[in-house]
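Let's take a guided walk through this structure together. Please keep the viewer open as you read.

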Amino acid sequence: MERAELQKIKELYGNNFIGPEELKPFLIILGGNNIEIPIPNIDYSLDILKKYSKDYILILGTSNINGSPLTIEYLRSSFGIESNIHKPCFYNQDWYLKEDFINRTLASQWYLLRKEPLNETRAKQPEEILKRKIKFPSAVLCTYTFFAYYFLNKEYLWYHDFIWCEDKDHNGDRIYVGKYNDIDGINKNGFSIHRHLALRKCYSAICIE
């Protein structure tokens with residue numbers, strides 16, 4: 001991609017543009033001082049890029065760092081789970097460590113994803129949201145974007161919000177991520193990864209007299 005063309009798009013998106021130069025603070029933390037990321041063409045049309053420039057983040061994805069697959073597992077091992085040691089970090093939980101979705105990688109391509117949640121999707125079941133033809137991002141894309149955006153802008157995405165993802169666990173329960181800070185101040189800070197438990201026959205009730 002021509003640098004002049006990339007510069008125009010960067011000016012259009014401002015702090016919401018995360019290209020090869022903007023990724024460097026994030027990659028340095030991961031030990032990638034001299035890493036060269038391929039810069040593919042942006043597959044979105046200029047009209048689409050202009051349409052979403054105010055509300056979306058345009059970020060360059062990469063599949064590996066120094067030969068290691070860039071996965072949620074890799075990011076978790078890099079940033080840890082202790083907020084007093086590393087900020088930002090992951091919320092201290094381990095249920096997902098054997099799930100397949102934490103080993104997914106990104107394609108080496110550009111991604112457009114909305115920065116703020118859609119108000120009309122708040123407190124809605126994911127199946128209801130999907131009926132509106134809204135496409136969920138992958139958990140690894142959200143995780144990658146969260147950390148890359150922080151090290152570029154020193155700002156937390158989805159500080160008090162959870163984001164539905166396209167991934168599911170081995171039981172078919174949908175994954176959701178985000179909510180770095182517990183507004184009630186009960187839980188420690190950390191990028192959270194949870195699953196929305198679907199109702200199955202094993203959920204039941206007993207009574208007392």
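Which element gives the most to the lining of the second largest pocket? Before the answer, a word on conventions: this is a predicted model, in which local features need pLDDT of at least 70 and side-chain atom pairs count only at pLDDT 80 or more, while totals for chains, interfaces and linings use all residues. Residues are numbered from 1 along each chain as its sequence is written, and side-chain values use heavy atoms, with hydrogens and water left out.

The answer is α1, with 4 residues. Helices (H or I, at least four residues) and strands (E, at least two) are DSSP runs, numbered from the N terminus. A pocket, on a 1 Å grid over the protein atoms alone, is an open set of points where a 1.4 Å probe fits, with protein on both sides within 12 Å along at least five of seven lines; lining residues have an atom within 4 Å of a point. The second largest pocket holds about 290 Å³ of space, a volume being the space filled by probe spheres set on the points, which are joined across faces, edges and corners. Of its 14 lining residues, Arg3, Pro20, Glu21, Lys24 and Ile39 are the closest to the centre. Two or more lining residues come from each of α1 (3–13) and α2 (24–29). By class, this lining has 7 nonpolar, 1 polar and 6 charged residues; here Ala, Val, Leu, Ile, Met, Phe, Trp, Tyr, Cys and Pro count as nonpolar, Asp, Glu, Lys and Arg as charged, and the others, Gly among them, as polar.

Now turn to the largest pocket, with a volume of about 1,100 Å³. It is lined by 40 residues, and the closest to its centre are Ile134, Lys135, Phe136, Pro137 and Ile163. The elements that give two or more residues to this lining are β5, α6 and β6. Its residues divide into 24 nonpolar, 5 polar and 11 charged.

Those elements lead us to the sheets.

Another open sheet of 3 strands has the order β1-β2-β5, with mixed pairing. Strand β1 (residues 17–18) runs parallel to β2, joined by 2 bridges, whereas β2 and β5 (residues 110–114) pair in the antiparallel sense over 5 bridges. Ile18 is partnered with Ile59, and Leu60 with Trp110. Strand β2 (residues 56–60) is largely enclosed by the rest of the structure, because 4 of its 5 residues are buried, meaning under 20% relative accessible area (1.4 Å probe, protein chains only). Helix α6 packs on this sheet too, touching β1, β2 and β5, at about 95° to the direction of β2.

Finally, look at helix α4 (residues 72–79), where Ile72, Tyr74, Leu75, Arg76 and Phe79 are buried. Their cover includes α2, β3 (64–65), β4 (68–69), α6 and β8. Just after α4, Gly80 takes a positive phi of about 70°.

Conventions
Buried means under 20% relative accessible area, exposed over 50%, partly exposed in between (1.4 Å probe, protein chains only). Two strands pair if DSSP finds at least two bridges between them. Contact means heavy atoms within 4.5 Å. Axes are lines fitted to C-alpha atoms, for helices over the stretch in contact, and angles run from 0 to 180 degrees between N-to-C directions.
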